Amino acid sequence: MVATETARPRAVHPTYDGPPDGYDGACAICGREGHFERDRLSISESFRCPGCQGALRYQGQARGILRAVSRHGARSVAELAAQPGFGGLDIFEPGTLGPFRPLLRPVPGYVQSFFDPATPTGEVRDGLRCENLMDLTFADASFDLVITSDIFEHVRHPTRGFAEVFRVLRPGGWHVFTIPGRWPLRRRTVARVDVSGPGDVHWLPAVFHNHDHLVYNDFGRDLLDLLDGVGFVTETMLFASASPTTSAQVTFASMRPEDPPEPEPVPTGVEVGAEPVGAEPSRPRRRNRR
Ligand SMILES: [Zn+2]
């Protein structure tokens, strides 16, 4: 890393002291009914569930997960995780934070990971695998669901990261994710760091989340083009509630499409209703292979 040894403040969430802003509803994470109140300046970190403390960005993501993998009308991730059949899914959730983990850990195919550049990828420590999103150690088509919460802004080469998620998803599998920013995002992504060389060169003042996670990109709506290019079909889901403030919260639900059906084998030599193609007597067969 180059230059800018700036202070790395802890994530602090200044309080919101504007007019009351909230909604009554059910938590999409734990299922508890309650009042969800804006209490912080940051919208995505507000509207926390009185039960599980899941903030708006996780509430939106939970709805995205339900949209992606709920088959029987589950209204919370807790309910979903208890459904028969859900236990058969393979789920990858990089990182160690957030309210989904206690609910998903009992699922046998649930995998969490950490990233430490000094640890070989694939190595397991305290039950967690070291994984680099740009170079995952999983086999192709290993997962039905990948969940990332405000992680991809920290991936040095996000296209590589999204392509890796695509690779390890099964056809029909989903990547449900959040990144910072309110909808509509800026038009174009702002790269904060020059990553063209081996080391990071800061174009903009370094920003860190959770102490030491450098932000490489402030994503814009052109992220959708990037996802298209990788092969995903992506829905942007805005958070509907009685508080209009929440509608700027966006969750991305990207599906790896089912593989196209194998094309019907084209018969060689004979075309129906036409002269046999291989019948011209003047065309010699290749003879170099017997
Ligand atoms: Zn909750």
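**Strand S3 and its neighbours in the sheet**

Strand S3 (90–94) and strand S4 (residues 109–114) run parallel and are joined by five bridges; helices (H or I, at least four residues) and strands (E, at least two) are DSSP runs, numbered from the N terminus. The model described here is predicted: local features need pLDDT of at least 70, side-chain atom pairs count only at pLDDT 80 or more, and totals for chains, interfaces and linings use all residues. Residues are numbered from 1 along each chain as its sequence is written.

Strands count as paired if DSSP finds at least two bridges between them.

How many residues of S3 are buried? Five of its five are, where buried means that 20 or more other C-beta atoms lie within 10 Å of a residue's own, with exposed set at 12 or fewer, partly exposed in between, and C-beta atoms placed from the backbone. In a regular strand the side chains alternate between the two faces of the sheet. In S3, Asp90, Phe92 and Pro94 lie on one side, with Ile91 and Glu93 on the other.

Helix H4 (residues 158–168) has buried residues that include Phe162 and Phe166. The buried residues of H4 pack against several elements, among them S3 and S7; contact requires C-beta atoms, placed from the backbone, within 7 Å.

Note on methods
Two residues are in contact if their C-beta atoms, placed from the backbone, lie within 7 Å.
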